[in-house]
Amino acid sequence: MEMKRLFVGMQAVAPWPETFPNGRVLLEVDRHLTLAFLGDCNLSSVIDSFQRFPNPGFQIGLAALFDHPVFLPHREPKTAGWHVRLLEKNSQFSDFCHRVWQWLREIQADFEEPKEFLTHVTVARQPFVIREWKQSFQPLPLFLKNIYLCESLGFSRYDVQWSHEILSPFEVIEHTADVAFIIRGQTFDDLFIHAALALAFQFPPLMNYLQETVVHGMDELIYQLNHLIARTDAAEGCPFKAVSYHCSMENRENILEWEMIVDV
Amino acid sequence: MYELKKIAPAIYELPKTGGMKVPGLLIATENLLRGIEQDRSLEQVINVAHLPGIVGYSLAMPDIHWGYGFPIGGVAAMDAQTGVISPGGVGYDINCGVRLALLPEPFAKISEKTRTDLLQAIFERVPSGVGRESKHERGLSDRDYSELVEQGARWSVERGLGFPEDLDHIESNGCIEGGNLDFVSAEALERGRKQLGSIGSGNHFIEIGAVERIFDSNTAKAWGVEIGYTYVLIHTGSRGFGHQICVDTLDVFLKKGFAENLPDRQLVAAPIQSAEGKRYYQSMAAAANFAFNNRQQILAKIRDAMTVVCRIAPRDLRLLYDVCHNIAKFETHEVDGQKKQLCVHRKGATRAFGKGSKELAAIFQSTGQPVLVPGDMGRASHLLVGTGNPLTWCSCCHGAGRARSRVKSFDAWRGKDLTSYMLSQGVHVMAESFRTIAEEMPDAYKDVDAVVAAVEQAGLANTVARLKPCLVIKG
């Protein structure tokens with residue numbers, strides 16, 4: 001039997017800092033949010049079951065914020081990580097997690113769902129100095145993307161054994177003079193939060209000025225984004241002048257794709 | 001791809017088709033043309049030709065690239081009575097512009113240490129980049145605001161930030177008449193309140209270097225420009241104040257339905273004589289006057305830095321000229337043999353009045369106005385003299401124009417020691433962020449020499465001097 005140490009996680013994509021305090025920092029590609037830890041399992045039988053993995057219900061990656069550092073376990077921490085606060089679809093995500101845990105119990109009798117599910121991404125392992133990690137922490141935007149079944153290889157390296165692709169909420173595209181993105185969402189509210197996220201990836205302090213907003217249409221979407229830029233600029237400066245009224249929008253199988261152009 | 005017809009050296013006509021009210025006209029050499037045809041900017045030249053009241057041509061300068069509604073490097077003149085005014089034809093950064101000052105001392109005589117000290121002293125005095133505005137200061141009061149948007153650069157001069165003679169050396173004497181705050185939002189006021197005297201980010205900069213070459217010795221002499229002289233070039237605009245005025249106006253214009261029947265809603269434009277059109281003009285003028293003050297105050301801070309570091313008198317750093325390159329202005333031009341008042345939109349384009357223009361100060365009436373064309377931070381910037389070419393409503397190019405996107409430039413230079421690389425090229429560059437330098441590296445821009453050659457061939461302006469940057473602060 002091919003026994004492997006497995007877990008289910010979601011890829012965490014963020015504008016990671018260039019440098020971190022001391023510690024055994026995980027490679028960018030290995031930073032993830034763990035949904036469930038399976039322990040040592042027979043890989044081939046588990047892989048077969050994953051063909052029936054629960055549908056997450058969201059097709060586009062989830063916008064979130066690293067809002068404070070976490071050190072686990074609470075007593076004698078071995079990992080330094082950042083807490084993930086979802087900015088959208090909280091109940092959908094929670095429901096998905098519970099469905100995953102229930103499904104895992106069905107395919108693996110000894111699976112235990114986490115007693116305390118703390119949404120976080122581990123960034124480094126011991127040895128580290130907690131004070132340094134606390135001092136260096138700055139809130140950062142992120143999105144949770146592909147779901148995968150991973151094998152722990154040791155030394156904080158992982159190998160993806162199975163994955164479920166999820167679209168990125170935004171992509172940077174070419175624009176000669178300024179910056180441009182493809183923003184994805186199923187509703188205008190999604191587009192707003194994903195557009196704000198795209199901007200925050202380039203200028204994280206923007207997240208401090210994000211307000212809960214209901215958006216009904218294209219013009220309102222641009223109007224609200226420009227208010228966000230204005231609030232940020234007035235408070236602490238902002239590299240963006242404005243989101244332009246460029247309204248190129250496509251609907252691809254119920255996913256709205258908006259080409260957002262931002263004057264810088 | 002486009003049916004371009006060469007009608008004169010470096011001048012191509014884009015014939016009138018469909019709903020175009022006038023033909024398009026592109027200033028470019030064959031080499032530049034190949035690059036221009038690769039983006040969507042000529043499509044925007046065609047779109048602009050659909051605007052009500054446009055006269056002559058929908059014009060494109062050789063540094064044209066894709067913008068919002070209007071291309072950057074676009075010029076369009078509208079009949080002041082029957083035409084429209086379009087915020088997209090001015091740009092978000094209202095009265096973004098360039099200011100050139102000269103120190104009659106050879107740059108070569110400034111020691112390496114003094115150069116480094118000078119760059120540091122300016123960097124400390126002039127906020128650049130994001131969030132480096134003077135947070136400790138109280139910022140502009142509402143009274144300050146209402147005075148400066150009405151008075152233009154004179155407001156700063158009267159507060160000791162410059163000299164009265166500076167005003168003769170600024171386009172429109174540093175004041176667009178009619179500026180007021182009646183229709184300016186609280187948000188715009190807040191954005192700009194602490195930003196006066198700051199560079200901002202993006203492609204804005206301060207550049208110091210040497211006059212490398214003189215092409216037109218008569219004009220250079222008249223303007224007091226000599227080979228080797230130290231120059232200071234400042235590029236910035238109206239900061240958040242102007243950006244917000246543009247955003248607010250677009251919102252109003254779109255809600256009013258002024259984009260109907262236009263090929264691109266970003267061209268949204270109100271009749272010049274409508275209440276909305278007049279309100280935009282007043283607010284735009286307010287932002288333009290904010291920008292004149294911004295550049296005036298930055299120059300004052302640089303004079304202060306040079307006084308301390310280079311031991312010169314502040315007046316020694318003489319303002320040669322300040323031009324707007326994102327503006328709509330009322331000007332009188334000849335149309336079909338008759339003088340007519342036009343609203344000339346220049347977005348990424350510079351006014352280039354020739355000899356004898358009444359609008360110019362005496363010193364420039366005998367030569368034509370200085371036209372300032374910054375290039376990239378490595379190669380060169382140019383000083384030209386306008387010829388007052390009626391074909392382009394006396395307009396000229398405004399810069400090199402980007403050749404490579406910010407994303408591509410950043411990716412190409414990521415992880416490299418950019419300041420060391422630029423130093424090896426003879427340029428000491430400072431910026432708040434690595435990203436800005438990477439995005440603004442010289443190879444992200446077209447060759448400004450080629451752009452300037454095109455406007456010269458087309459007869460829009462003549463080169464006077466080539467300026468070589470040595471010290472650069474990027475926004």
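In chain A, 71% of the contacts between residues at least 6 apart in sequence join residues at least 24 apart. The model is a predicted one, and chain A is built from 5 helices and 13 strands. Its radius of gyration is 20 Å, close to the 18 Å that the globule rule gives for 264 residues, so chain A is as compact as a globular protein of that length. Laid along the principal axes, the C-alpha atoms of chain A fill a box of roughly 60 × 45 × 30 Å. Of the 264 residues in chain A, 55% are buried. The accessible surface of this chain is about 11,800 Å², with 48% of that belonging to carbon and sulfur atoms.

Turning to chain B, the count is 14 helices and 19 strands. The radius of gyration here is 21 Å, close to the 23 Å given by the globule rule for 475 residues, so chain B, too, is as compact as a globular protein of its length. Its C-alpha trace spans about 60 × 50 × 50 Å along the principal axes. Buried residues account for 66% of the 475 in chain B. Among contacts in chain B with a separation of 6 or more, 76% are between residues 24 or more positions apart. The accessible surface comes to about 16,600 Å² for chain B, and carbon and sulfur atoms supply 49% of it. Positive and negative side chains number 54 and 54 in chain B, with the centres of the two sets 1 Å apart.

Within chain B, helix α3 covers residues 112–125. From first C-alpha to last, these 14 residues reach 20 Å, close to the 20 Å expected at 1.5 Å a residue. The buried positions of α3(B) are R115(B), L118(B), L119(B), A121(B), I122(B) and F123(B). An α-helix has 3.6 residues a turn, so residues three or four places apart point the same way. The partners of the buried α3(B) residues, all in chain B, are strand β8 (205–214), helix α9 (275–310), and strands β18 (428–431) and β19 (461–474).

Another helix of chain B, α2 (residues 41–48), holds Q44(B). This glutamine counts as buried because its relative accessibility is 3%, under the 20% cut-off. Leaving aside residues up to four places away in sequence, Q44(B) touches H65(B), W66(B), G67(B), Y68(B), G69(B), F70(B) and P71(B).

Terms used
Residues are numbered from 1 along each chain as its sequence is written. Chains are lettered from A and ligands numbered from 1 in the order in which they are written. This is a predicted model: local features need pLDDT of at least 70, side-chain atom pairs count only at pLDDT 80 or more; totals for chains, interfaces and linings use all residues. Side-chain values use heavy atoms; hydrogens and water are left out. Helices (H or I, at least four residues) and strands (E, at least two) are DSSP runs, numbered from the N terminus. The expected span of a helix is 1.5 Å times one less than its number of residues. Buried means under 20% relative accessible area, exposed over 50%, partly exposed in between (1.4 Å probe, protein chains only). Contact means heavy atoms within 4.5 Å. The radius of gyration is taken over C-alpha atoms; the globule rule is 2.2 Å times the number of residues to the power 0.38. Accessible areas come from the Shrake-Rupley method with a 1.4 Å probe; for residues, only the protein chains shown count as cover. Lys and Arg count as positive and Asp and Glu as negative; His and the chain ends are not counted. The place of a charge is taken as NZ of Lys, CZ of Arg, CG of Asp or CD of Glu.
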